[in-house]
Amino acid sequence: MNTAMHIMSIQHQLVLAIGEETDLKKMLYTFLHLAGQCLNTTNNHIFIMQDKQGTPVYQLNNDASIQHFLSFPTRKEGIHTNQSSQLMNLVTDFSEKNIDSEVTQFNSSFYYLFKLGEFGVFIIERKNALSKEIQSALPQVINKLTNSCIASINYHTMVFEIKMRKEVEAQIRYQATHDDLTGLYNRMEVQRCLTKAIQATTVEKKTGYVLSINLMNFKSINDAIGYHVGDKVLRQVADRIKNSTDKETTIAIFNGHEFILIIDHLPANKMKAQLIIGDIIAEIIHTIEHPFELAEGNFSLSCFIGYERFTDNSKTAQDIIKNASIAMYEAFKKSKDKALAYKLIMSEQLNQHIRYTKEIKQALINNDFELHYQPQFDHLYNMIGAEALLRWNHPTRGYESPAVYIPIAEESDLIIEIGNYVLEQACRDIKRLRQRVLPTYFEQISINVSAKQLAKRDFVNNVIAMVNKYQIPASSLKIEITESIMMGNLERSIDGLNTLLKFGVTCAIDDFGTGYSSLAYLKRLPASLLKIDRSFVTDIHLDQSNKAIISMIIQLAKSVNMEVIAEGVETEKEVNCLIELGCYKFQGYYFSRPITFNKLLEYRH
Amino acid sequence: MTEASIVRFTNSSSIDELNIAINIVCQENIQGLLLLTCVDNNYLEPQINKILSDCQLPIGGGMFPKIIYHGKNYSQGAIIVGLRIKPEIINYPMYNSDERDIDQYIQSNSLVIQHHKSFLILSDALCNASEDFVDHFYNYMGSGVTVIGGGAGSLDFLPRPVIYTNQGVKGYITQVIALPCSLINSIGHGWEIADGPYLVTSADGHYVHSLNYQSTFSLYKKVVQQQVAVPLSDNFFVEYAKSFPLGMASLDGEILVRDPIQTNASYLECVGNVLVNSMVYLLKSDKHKMLASTQKVANEIALDKQENKTLLLFNCISRDSFLGTDINEELSIIQNTLPETPLIGAMALGEIANTDNGSIRLLNKTTVLGAF
């Protein structure tokens with residue numbers, strides 16, 4: 001009777017130990033621990049089929065194999081039992097047999113092996129043999145253990161799948177709302193955040209601001225050093241902005257390097273709010289302008305900030321962000337203040353700008369552009385050439401000032417189209433000009449080429465093609481460039497100008513003295529003429545400092561074998577002064593205003 | 001062969017005597033200290049802590065109700081064991097946490113001793129987590145290690161710091177002293193089945209609420225009554241519990257004693273866990289059976305061919321109260337069987353040793369004899 005009770009007691013204890021625990025390892029740990037006590041074992045082990053990731057499975061598949069899963073205790077004679085090849089061999093042999101249990105004896109231990117379904121093996125190690133009665137009582141326990149293992153594995157699989165799905169969903173959600181590189185919010189998300197902020201601000205009667213921050217010089221890091229460095233800098237900028245604002249600030253990035261910040265819960269009082277936002281802006285500018293020290297070198301950035309205030313829901317999130325961006329663009333364009341608050345007039349100007357751009361496009365289609373020419377003279381008043389000047393004859397407004405439309409065209413690719421028009425029209429005019437009798441000393445027509453145009457890969461071929469198309473001597477065309485080309489891809493520009501020089505098209509440097517280029521590059525440019533900017537020429541006879549500058553430019557030109565021509569000459573006194581200084585070529589109202597091509601044809605001197 | 005340790009004994013409760021003895025032992029070529037002292041020495045904590053923290057050698061040990069030296073037991077005094085081998089001593093402050101955390105806790109704190117095979121384990125007897133610790137420590141070290149040890153503390157069961165460490169005397173900790181030498185052990189108790197088995201139908205840790213679906217206290221009183229001629233009063237427990245412990249029988253016939261130490265007239269609280277659905281027996285013994293068991297334990301150690309120079313005994317304090325003055329006879333049996341080595345040890349509140357199957361268990365009313 002005692003034996004029967006003892007067996008029943010063991011059965012119940014073991015089944016109770018299996019319990020309802022859903023964590024497989026925890027459940028088996030409790031079971032193995034108790035099995036050790038109830039069955040007086042030295043070691044107990046569980047081997048379970050596992051996939052390549054070590055996840056337990058109970059259904060046969062090609063990727064799964066039976067592996068050690070858990071032992072109690074974890075070692076035998078100091079050796080971790082999960083490393084025992086002896087046990088593994090025992091399990092492999094047993095698994096291949098079509099039996100549910102087996103006992104083997106070696107190394108003075110008895111090993112009782114029980115199959116857990118088709119997916120596992122439970123091993124009991126004892127010093128002595130188990131009685132037949134105990135052995136016959138164990139299958140019921142093993143059956144319960146098998147079912148509990150399956151339930152645990154199922155539960156784990158289900159939990160794992162739910163977890164994975166949640167992770168994937170979270171990842172998708174994150175990707176849909178965040179920028180990959182910086183981890184900041186993206187455009188969509190910041191609009192959602194701003195909509196909420198507007199609502200809260202309206203209800204709470206507070207003030208909020210949206211800041212639009214654009215990095216200057218950033219593109220040149222990407223272009224010159226590479227995107228990998230640009231990315232690092234961008235991440236650091238993001239971190240710095242995060243660190244210089246409080247945790248409540250919403251920060252987003254879009255368009256590559258434009259940051260949008262939402263700062264809300266500020267006081268309703270406009271002055272107080274403005275003071276706070278002013279401090280925040282100052283801090284952001286300061287933090288961005290601090291040099292970035294990377295392994296690849298030190299880099300400096302600056303930024304322009306535009307900001308728009310909101311106190312109620314009269315404007316949409318989209319409008320507020322747009323306005324902040326317009327203010328940022330305005331700050332950038334004026335380059336006077338680092339930060340500007342949005343004003344309605346900015347939008348009006350921008351709209352005008354957009355309208356203007358459309359009109360320029362239309363003008364190109366309608367052929368409303370014309371070339372006028374300003375003749376150039378030597379000190380003996382011989383016409384030696386002319387500069388082609390673009391004129392826009394607007395159908396309703398009449399002639400537009402180039403000072404208005406050229407900067408607008410330069411902001412877009414329209415300047416390329418305009419440049420192409422100038423090139424072709426000038427070549428066409430040169431051909432017509434050459435069909436007449438030219439003044440004896442007339443050398444060439446010069447056209448202005450923008451840095452953007454010069455940087456185009458097909459620029460040189462275009463020039464050569466036009467010269468060939470109109471069958472004019474290459475030497476009858478001169479191109480005028482400004483120092484600003486040195487800010488772009490200088491090497492490519494120099495190569496292009498050299499090719500043109502070999503072809504016969506010469507080059508002049510326009511507006512010389514106003515740029516910021518390094519004089520070291522001057523010698524490398526294949527230019528034959530320096531055009532002294534009108535700002536130095538005006539009233540030169542009265543201005544000693546301008547006289548000194550012009551004298552220096554003339555000396556400089558001589559040293560690099562260049563000729564000089566003075567622009568904007570308007571009086572005889574200026575002419576005489578320039579001759580005194582050694583400049584013998586002139587262009588300006590004193591000699592001739594810009595004239596139409598027909599008048600140029602008729603020009604006699 | 002050199003001695004594994006040198007031993008100095010004092011029957012004085014004076015802390016100065018202890019300090020002198022420690023200093024003398026430290027002058028020998030030793031690498032660690034094991035202190036077994038009596039709770040009744042009543043050392044002042046600041047003084048003992050200074051001695052411990054001043055010592056440059058690893059220190060372990062504990063305060064017990066009694067200490068054992070040369071076949072006699074003492075209620076006051078100290079045994080200072082200078083270990084010639086370098087012990088690794090790890091103190092595990094006990095805390096309540098789930099099982100997986102304890103595994104992690106033991107694993108991360110036991111790396112330096114993971115290749116050792118011989119251990120002394122001393123625990124604060126009032127710390128209920130000790131048994132769990134022992135289970136998890138066994139899981140970590142595995143079968144094939146040898147352990148002896150016992151619970152430190154006093155019979156008044158008042159909480160006090162009782163484990164010696166280099167940081168002072170501590171309470172609520174378990175201390176493991178890993179010895180880089182061979183350790184053999186033998187355990188025995190002399191208790192046999194008087195009645196049972198009874199199915200544990202309700203229990204929670206140390207508390208056995210019901211046996212065979214009856215109040216444990218009622219059943220216990222009934223079955224004890226069958227063993228004694230005199231009618232039992234309601235407060236029979238105080239007098240008879242020490243003579244009739246409960247026990248759990250293993251499949252291989254070993255009996256694990258569970259000593260009932262208190263009752264609320266419904267449950268019995270035992271020293272050590274009793275599991276639901278397990279079977280317990282009522283145990284009984286007498287002087288002759290106990291001494292015969294002790295002789296067997298001593299013989300087993302004597303049979304071992306190793307020349308062990310330190311003989312360390314953890315004997316349950318309840319044996320002392322059961323045997324009374326005959327306790328010294330029990331101790332003499334061991335000393336006389338192993339006359340060349342001075343027997344040292346402590347009367348413990350619960351003993352710790354690995355049983356036949358290798359598992360480390362918390363034992364009651366047992367003699368745990370080790371030699372290294």
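Author: Let us begin with a proline. B:Pro197 lies in strand S14 (residues 192-204) of chain B. The model is a predicted one, and in it the peptide bond from B:Gly196 to B:Pro197 is cis, with omega near 10°.

Reader: Which peptide bond of chain A is cis, with omega near -5°?

Author: That is the bond from A:Phe72 to A:Pro73. A:Pro73 is placed in the loop between S2 and S3 of chain A.

Reader: Which residue has a positive phi although it is not a glycine?

Author: B:Tyr172 does, with a phi of about 60°. This tyrosine belongs to the loop between strand S11 (168-170) and strand S12 (173-179) of chain B.

Reader: Let us turn to helix packing. At what angle do helices H1 and H2 of chain B pack?

Author: Angles under 35 degrees count as roughly parallel. Here helix H1 (residues 15-26) and helix H2 (residues 45-54) of chain B pack at about 5°, and their axes are 11 Å apart. H1(B) is therefore roughly parallel to H2(B).

Reader: Which residues make that contact?

Author: H1(B) contributes B:Ile15, B:Leu18, B:Asn19 and B:Ile22, while H2(B) contributes B:Gln47, B:Ile48 and B:Ile51. By class, the contact has 5 nonpolar, 2 polar and no charged residues.

Reader: How many residues of chain A are in contact with chain B?

Author: On the side of chain A there are 36, in contact with 31 residues of chain B. The two chains bury about 2,900 Å² between them, with 48% of it on carbon and sulfur atoms. Within chain A, the most area is lost to chain B by A:Tyr29, A:Asn40 and A:Arg75, which together account for 24% of what that side buries.

Reader: How many salt bridges and polar contacts cross the interface of chain A and chain B?

Author: A salt bridge requires a side-chain nitrogen of Lys or Arg within 4 Å of a carboxyl oxygen of Asp or Glu. The rule finds 2 salt bridges across this interface. The side chains of A:Arg126 and B:Asp252 meet in a salt bridge at 2.5 Å, N to O.

Reader: Which elements give two or more residues to the side of chain A that touches chain B?

Author: They are helix H1 (2-18), helix H2 (24-38), strand S2 (65-72) and strand S3 (75-76) of chain A. H2(A) gives the most, with 9 residues. The residues of this side divide into 11 nonpolar, 17 polar and 8 charged.

Key: Residues are numbered from 1 along each chain as its sequence is written. Chains are lettered from A and ligands numbered from 1 in the order in which they are written. This is a predicted model: local features need pLDDT of at least 70, side-chain atom pairs count only at pLDDT 80 or more; totals for chains, interfaces and linings use all residues. Side-chain values use heavy atoms; hydrogens and water are left out. Axes are lines fitted to C-alpha atoms, for helices over the stretch in contact, and angles run from 0 to 180 degrees between N-to-C directions. Helices (H or I, at least four residues) and strands (E, at least two) are DSSP runs, numbered from the N terminus. Angles under 35 degrees count as roughly parallel, over 145 as roughly antiparallel, 65 to 115 as roughly perpendicular and the rest as oblique. Contact means heavy atoms within 4.5 Å. Ala, Val, Leu, Ile, Met, Phe, Trp, Tyr, Cys and Pro count as nonpolar, Asp, Glu, Lys and Arg as charged, and the others, Gly among them, as polar. Buried area is the accessible area (1.4 Å probe) that two parts lose on being put together, summed over both.
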